[in-house]
Amino acid sequence: MLHTVNKSSFERNSLQSCLNTIDDTSVILFIEDGVINAANNANSSMIADLAANGRVFALQGDVEARGISSKLADNIKLVDYAGFVDLVVEHGTPVSWV
Amino acid sequence: MATKKFMYLNRRSSFGTVYAIESLEVVLIAAAFEQDVSLAFMDDGVYQIVEGQNTDGIGMKNFSKTFHALGDYDINKLYVSKESLEERGLSESDLMPLVYEDEDDDWEEKPSIRVVTNDELKAIMSEQDVCLSF
Amino acid sequence: MKFAIQVNEGPYQHQASDTAFQFAKAAIENGHEIMRVFFYHDGVNNASSFTLPPQDDRHVVNNWASLDIKNAEGEPELVVCVAAALRRGMLDESEASKNSIEGNNLHPAFRISGLGQLIEAGIQSDRLVVFGD
């Protein structure tokens with residue numbers, strides 16, 4: 001499955017709820033304000049392990065829009081919208097965490 | 001028509017936003033399509049099916065009783081997150097007694113609500129073909 | 001692949017409609033099919049023919065129209081849920097006259113239909129992607 005998260009963990013518990021129910025092979029894509037979760041911050045430990053396993057992506061356009069390109073945590077993979085489409089194709093049922 | 005597993009993900013309580021009532025409207029229409037339907041209630045979504053809702057004081061329609069109709073439409077898999085209930089000081093006994101009649105068991109009345117752990121929900125979600133979040 | 005998209009928020013208030021549009025555009029450019037975009041909740045407001053955004057900002061409604069998403073019969077597959085639309089005052093000519101309301105505001109690139117269209121899209125597509133907030 002592909003889990004998209006569009007809210008920062010400082011704003012809502014969407015990321016935590018996603019992490020509570022994500023299985024061992026699914027991946028997470030941060031979009032919109034959710035890319036804040038990809039930055040180095042007080043909540044970065046939430047996704048550190050997943051990112052180290054190559055399972056955390058962020059939409060590049062949203063990262064750049066928010067001026068955090070140089071502030072990303074380790075192992076975040078950036079994708080453009082075409083990459084977003086590819087992730088949906090590759091990872092099966094998309095789940096949207098809002 | 002091919003049968004797919006549809007999950008309706010509810011994470012918000014009723015009334016503060018429109019998502020709860022409008023997602024229930026989708027579920028009711030979906031019943032006519034004979035797919036494999038589950039509802040998942042987690043986070044504040046568990047409040048959608050708490051017993052004893054009374055909207056007289058806020059001038060809004062109390063649609064909670066509509067959940068009782070789901071059993072008649074063969075929608076009887078209402079998964080409720082155990083952790084979400086506990087975090088909120090709730091238990092299964094606080095929820096509406098939603099039931100269905102099992103046609104494979106002499107029409108015996110059974111509960112539609114299934115309280116599940118996050119781990120169990122993980123497995124259920126990973127089986128779904130379509131997941132609608134509201 | 002055949003995609004279906006659900007848009008649950010209106011234009012400008014949330015980024016959902018913009019992200020959905022960019023996704024749809026990328027999918028089409030990369031050879032995929034968007035069989036239907038279903039607008040629900042405040043998403044129905046993406047079909048308004050009355051929006052007048054500032055000149056130096058994107059025109060969300062026109063963006064959607066520009067994708068020319070139609071079925072084999074040439075009907076729009078930018079579909080607005082009738083129940084959600086009526087609740088929010090989004091009417092085509094037929095709904096307006098049925099309800100004795102003067103004027104209508106559904107952009108011609110969209111059509112109004114029932115929630116069954118969303119379920120059908122979930123059944124017929126390979127992937128249904130939801131954009132909300």
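**Close-up views of a predicted model**

**View 1. The largest nonpolar core and C:Phe39.** The largest nonpolar core in this predicted model holds 98 residues, and those with the most contacts inside it are C:Ile5, C:Val37, C:Phe39 and C:Val80. In soluble globular proteins, nonpolar side chains tend to be buried together. One of the four named residues, C:Phe39, is shown with its partners. Leaving aside residues up to four places away in sequence, C:Phe39 touches C:Val7, C:Val44, C:Asn46, C:Ala47, C:Val79, C:Val80 and C:Cys81.

**View 2. Chain A as a whole.** Chain A has four helices and five strands. Along the sequence they follow the pattern β-α-β-α-β-α-β-α-β. The radius of gyration of chain A is 12 Å, close to the 13 Å that the globule rule gives for 98 residues, so chain A is as compact as a globular protein of that length. Taken along the principal axes, the box filled by the C-alpha atoms of chain A is roughly 30 × 30 × 25 Å. Of the 98 residues in chain A, 47% are buried. When contacts in chain A between residues at least 6 apart in sequence are considered, 65% join residues at least 24 apart.

**View 3. Strands 1 and 2 of chain A.** Strand 1 (residues 2–5) and strand 2 (residues 27–30) of chain A pair in the parallel sense, over four bridges. In this pairing A:Val5 stands opposite A:Phe30 of strand 2. Between the two strands the chain passes through helix 1 (residues 14–21) of chain A, and this β-α-β crossover is right-handed.

**View 4. Strands 2 and 3 of chain A.** Strand 2 of chain A also runs parallel to strand 3 (residues 56–59) of chain A, and three bridges join them. Here A:Phe30 stands opposite A:Ala58 in strand 3. The path from strand 2 to strand 3 leads through helix 2 (residues 45–52) of chain A, and this β-α-β crossover is right-handed.

**View 5. Two loop residues of chain B with positive phi.** Most residues other than glycine have a negative phi. B:Phe15, a residue other than glycine, has a positive phi near 80°. B:Phe15 lies in the loop between strand 1 (5–10) and helix 1 (19–30) of chain B. This residue counts as partly exposed because B:Phe15 has 18 C-beta neighbours inside 10 Å. B:Glu34, also not glycine, has a positive phi near 50°. The loop that holds B:Glu34 is between helix 1 and strand 2 (36–41) of chain B. With 10 C-beta neighbours inside 10 Å, B:Glu34 counts as exposed.

**View 6. The contact of chain B with chain C.** Chain B gives 17 residues to the contact and chain C gives 15. On the side of chain B that touches chain C, helix 1 and strand 7 (130–133) of chain B each supply at least two residues. Helix 1 of chain B provides the largest share of that side, six residues. By class, the side of chain B that touches chain C has 12 nonpolar, two polar and three charged residues.

Conventions:
Residues are numbered from 1 along each chain as its sequence is written. Chains are lettered from A and ligands numbered from 1 in the order in which they are written. This is a predicted model: local features need pLDDT of at least 70, side-chain atom pairs count only at pLDDT 80 or more; totals for chains, interfaces and linings use all residues. The radius of gyration is taken over C-alpha atoms; the globule rule is 2.2 Å times the number of residues to the power 0.38. A residue is buried if 20 or more other C-beta atoms lie within 10 Å of its own, exposed if 12 or fewer, and partly exposed in between; C-beta atoms are placed from the backbone. Two residues are in contact if their C-beta atoms, placed from the backbone, lie within 7 Å. Ala, Val, Leu, Ile, Met, Phe, Trp, Tyr, Cys and Pro count as nonpolar, Asp, Glu, Lys and Arg as charged, and the others, Gly among them, as polar. A nonpolar core is a set of buried Ala, Val, Leu, Ile, Met, Phe, Trp, Tyr and Cys residues joined through C-beta atoms within 7 Å. Two strands pair if DSSP finds at least two bridges between them. A crossover is right-handed if, with the strands pointing away from the viewer, the path from the first strand over the helix to the second runs clockwise.
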